[in-house]
Structure formats: C-alpha cells, structure tokens
Amino acid sequence: MNQFLKYMKPYGGFMLVIIVLLTAEAYFALVLPSYMADIVNDGVLTGRLSVIWRNGLIMLGLTFLSMLIALVVGFFTAKTATGVANDLREAVYEKVLRFSSAEVSKFNTSSLITRTTNDIVQVQNTLMMAIRQFIYAPVIAVGGIIRALERSTDMAWTVVIPTAIMMAAIGILCVVALPKYKKWQDLIDRINLVSRENLSGILVVRAFSTQGFEKKRFNEANTDLATTERFVNQAFSFLTPVIMLVMNLTTALIVWVGAHQASAFRADIGDIFAFLQYGMLIIFSFLMISMMFILVPRAIVSMKRIEEVLDTEGSIKPAENPLPFPDNFKGVVEFKDVTFRYPDATENDDNVLEGISFTAQPGQTTAIIGATGVGKSTILKLLLRFFDVTSGGIYIDGIDIRDAHKEELHHKIGYVAQKASLFSGTIMSNLLYADKDATEAQVKKAVEISQSAEFIAGKPEGYEANVAQGGANFSGGQRQRLSIARALVKDAPINLFDDSFSALDVKTDALLRAALKKESPNKTTIVIAQRISSIMDADLILVLDGGKIAGSGKHKELMKTCDVYREIAESQLSEEEVEKS
C-alpha cells in the first residue's frame, strides 16, 4: 500500500482537519446521553424546569454544531477522495503511455482500462466512506464503552456479549467472502475484454453470422461475474439483519436489566436511559465498521491492481546520459547484426529476428518484403524503440538509439502503422496530431502527396468533417491515406511505412509513391510491403525469410539471385511482367 500512502500524502492537511473535526463530533455525540440522564434525574424526577431547559438548549446547540462539522467534514472528505482518485488516474495513464508493447501485452488493454476506471472508482468510493468511519466509529465505540461503564459497571455484560457476537459474525463473513473479491475484479476484466472484442469486431460477427456464439461467450462471462457478485452480496446481506437483531435484543436486554436495577435502587432511571443510548452508539459504531469490512477488502484488491501498473518497470530503459543527434542530421539508419526475441520468450522459442544488417540512406527508399510473420513490422518497432534489441545495435547517424533521448528519436521519425488508426474529432485535428504547430501549407502538401485532397474536398465540411472513433466513418483506403498524410505533416527526416499502401488501389498507390519520391528527395524512407508492385522501384529491397535476410538488392537483381523473392514475384505478377524483370 506504499503507493496509496504516497498519493494520500499531499492531502495530509485535509486529513488533520478531518481528524480534529470528527473527534469533536464524536465527543459531542458521547456527551449528549449524559445531558439526557441529567434531565431525567435532576429535572423530570425533581420537577426542576430550569435544569430541563438548560440541558435541553445545550443538547440543541451541540446537535447544531455536529451538523456544521458533518458538512465541513463532508467537504474535505470529498476533496481528499476525488483528489486522490484524480492523481491515481493521471499516474496510471502516464505510466501506461510509457509502457512498451511488452508491458501492454502483459496486462492487456481491457485490464488496463478497468484498472484506470473501475478500480480507481472503487478506491475513491471506499475512501469517501472510510475517512469518516475509520476515525469516527472507533472513537464512538471506545468512548461509548467508557461512558457506559461510568454509568453502570453491573450492566457492562449487556454490551460486551452483543459486541462479541457481532465481531464473530464479521470475522466469519470476511473469511468466507474476502477471497472472492480478487476473482470479482478479474471477471470484470474478462467481461470488458469480451464486450470490447464484440463491439470492435461487430461487422465480422455479423458477416460470419456468429451472433449466437458471441452471445454465448458473453453470457458465460456475465454469468460468472453475476455468480461471484451474488455470492459476495448474499454473504454480506446476512450482516445487517444480524446486527439489527443484536441491536434490538440488546435494547430489550438493557431495558430489562435496567428495570431490575432501578427497582432495587441500584441505578437511577436517567443513568439507565444514558446506558441504553451508549449501548446503541456502540452497536451503531460496529455497524459502521462492518460496512467498511464490505467495501475495504474490494478497495484493497483494486489498489493492489493499480499498484501492479504503477510498480511495473518498463522494459525500455531511458538513456542515463542521452546523446544528442548531430546538428547536421542526415538520417542514415544502420542495423548492425540485430537479433531480437520477445522479453517473455522461453528458451524453446525461436528468435523473431536474427543477424539483421543493412543501411538505409537519405534520399533513398529501402523496402522490406517477405511472408506474413517473418518479422517485417518488428524491424520498424525496434527502430522506434517499442522494443529493444536482444543483441546487436541500431544506429542513426552513428548514434545508438538506446543512447539517444527517446522523445528526440521519435521527433526524427514519421510513422504510419500497419493498422490505420484515426482519433475522434475532425480531419484537421487528426492531421495536426503529428504537429499541432504545422502551417496550412504543410497540411495541404501532405494531403496532396497522400492523394487525400479529392475525397476531403468532396465533403461539405472539408477539413472540419467529423471523424468517428477509429475513423469508422471512412473507408479503409481513406483511413490509410489520412494516416500517411498525418505522418507527412510532421515533416520528419525519416519516414516509416508499415504496409501502409495495402488498402490503396494500384493507381493511387503508384501516384502516392511518385509524389512521395518527388516531394521528399532527401528523406530516408523505409517501406514494408506485401505487394511487389509497391516496391519494384525501391533503391534497396530486403527479403526476409524466417527472421533472416534471405536477399538484398534491387528488383531485377533479386529476381536473379533470390529464390524467395522470385517466388513472391511469380505469385503476384503476370508471366510477361516476370519475364521483363
């Protein structure tokens, strides 16, 4: 719980005020029965109205003060609970942004969303109640016992026995129900995962008519969650009736024993009234504590899940003394004998990449081609330091990227991911995502190069046209072109295209590549492609097979020297085109 205490520390001043005020409120609650006893003993039984009026006014004043204190405590409690929740959300979000792909895969996206939302809400709600109950209830319980014993030691057993029964009931329930809380949170992760997959893949679900299967999968996750929730809620639902039963029996017991004490002249009637009120205060304090036993365990589980994220060290370590790139930055990218395997890989797993060496020069296009799953995209992820190499090194202008500042590295690179991803907003807000200070000329140039100008102009709102979440209201080709335009707006010296032309028709693909070469003559361009037609004019083509470079060179050279490349070409090109090559 070190992380929790860390985030509570800034609100120490509020907590001090709350403790002082709640102690005062508890004190007022504990002295009220004494005034009631004095009214009965010295006022009602003796007929002294002045005593009744004086003590009654004091009780009224203390009640009013207690109300004001409760309002102030509520204000500071809300400030503290919401403040801690806000700080935790920011910390978790910032931590996740720094995660590499390995850490994101470790937790999975659905779990990270649950931890950022549901788990922090659990902590906030519990904190709202716990701040008051954990301070107020113990003071009332201890103070009530002391005050009750001051009134009558002979009747102490009437409070001790019910208290012991309640503690035993709470203990049994905790042993039975608490282990289920961790499972509860894990099942929330599960139902979020299933819901997210169903909603994001709704078109695929409908296309394959698998609504029944997906409904069954959701129902299974939903039933597991409901069963666990039902068990926990049913277990704790017994607690309130038990406490109410104990409280009512305690009231009857105190009245019955008190009546015998009064008839034997061993206790005053007013003291019996006071003892009864103290008994009720003690019972209610344990009722408040029992409610915390329902909420706190789940909050502890949630806090541990949050701490798992906050305590996770990223596998990508920033350079201790980062080296700056040279002022005359050129953008020469060099891979030297790079080998990579995933951080969680076992000894039996093969390397994803092995012995990769090549140099991508400025003003040239370096293309990478190969079968699915041979590690093409991984090369770009290593260059961006989404992962770190297992051995070997990657250099830009002679600087090992592990020794460079990560933000400066990303500033030098324009990246178009394999999956075109747009953000909710407008076309313009998406284009400016790469560089919010980009000029209108930069934006228009990027749009023209990416062949996006025509379909943007066709929209009534133009650049202010709405973009739905993920760009769902655009076709695959439009999303891809907008993603390319966004990267070009950045005007970085190095551009990476991860199979970014796959959704384009051949004509648009050719126009885009021609415009890119013409308008970016001095930039280093690395392209991953599945279609040979997209890379035939590349200055250097790398052929990947089984995580290794099976061949490198230009198109015509590879057609003669690389069997893997020729097989790909023969599967995609016509016989005439192959013969010309």
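How close do the axes of α3 and helix α5 (residues 109–151) come, and at what angle do they cross? I started with this pair.

**Ground rules.** I am reading a predicted model, where local features need pLDDT of at least 70, side-chain atom pairs count only at pLDDT 80 or more, and totals for chains, interfaces and linings use all residues. Residues are numbered from 1 along each chain as its sequence is written, and side-chain values use heavy atoms, with hydrogens and water left out.

**Entry 1: α3 and α5.** I looked up the axes: they come within 9 Å and cross at roughly 160°. Axes are lines fitted to C-alpha atoms, for helices over the stretch in contact, and angles run from 0 to 180 degrees between N-to-C directions. The two helices are therefore roughly antiparallel, a term for angles over 145 degrees. Helices here are DSSP runs of H or I with at least four residues, strands are E runs of at least two, and both are numbered from the N terminus. I then listed who meets whom. From α3 the list includes Val73, Thr77, Ala81 and Leu88; from α5 it includes Leu112, Leu127, Met128 and Ile131. Contact means heavy atoms within 4.5 Å.

**Entry 2: Thr77.** Is Thr77 buried or exposed? Thr77 is buried, at a relative accessible area of 3%. Buried means under 20% relative accessible area, with a 1.4 Å probe and protein chains only. Beyond its neighbours within four places in sequence, Thr77 touches Ile18, Leu127, Met128 and Ile131.

**Entry 3: the sheet.** I traced four strands in an open sheet, ordered β2-β1-β4-β5, with antiparallel pairing. β2 (353–360) and β5 (399–400) are the edge strands, each pairing on one side only. Strands pair if DSSP finds at least two bridges between them. Two bridges join β4 (residues 391–396) to β5. Tyr395 sits opposite Asp400 in β5. Helix α12 (residues 376–383) packs on the sheet and touches β1 (333–340), β2 and β4; its direction makes about 115° with that of β1.

**Entry 4: α17.** I checked the length of helix α17 (residues 476–489). Its 14 residues should span 20 Å at 1.5 Å a residue, and its end C-alpha atoms are 20 Å apart, which agrees. The expected span is 1.5 Å times one less than the number of residues. How many residues of α17 are buried? I found 12 of its 14. Among them are Gly477, Arg481, Ile484 and Leu488. The cover includes β6 (413–416), α15 (440–449) and α18 (506–519). After α17 comes Asp491, with a positive phi near 55°.

Key: Buried means under 20% relative accessible area, exposed over 50%, partly exposed in between (1.4 Å probe, protein chains only). Angles under 35 degrees count as roughly parallel, over 145 as roughly antiparallel, 65 to 115 as roughly perpendicular and the rest as oblique.
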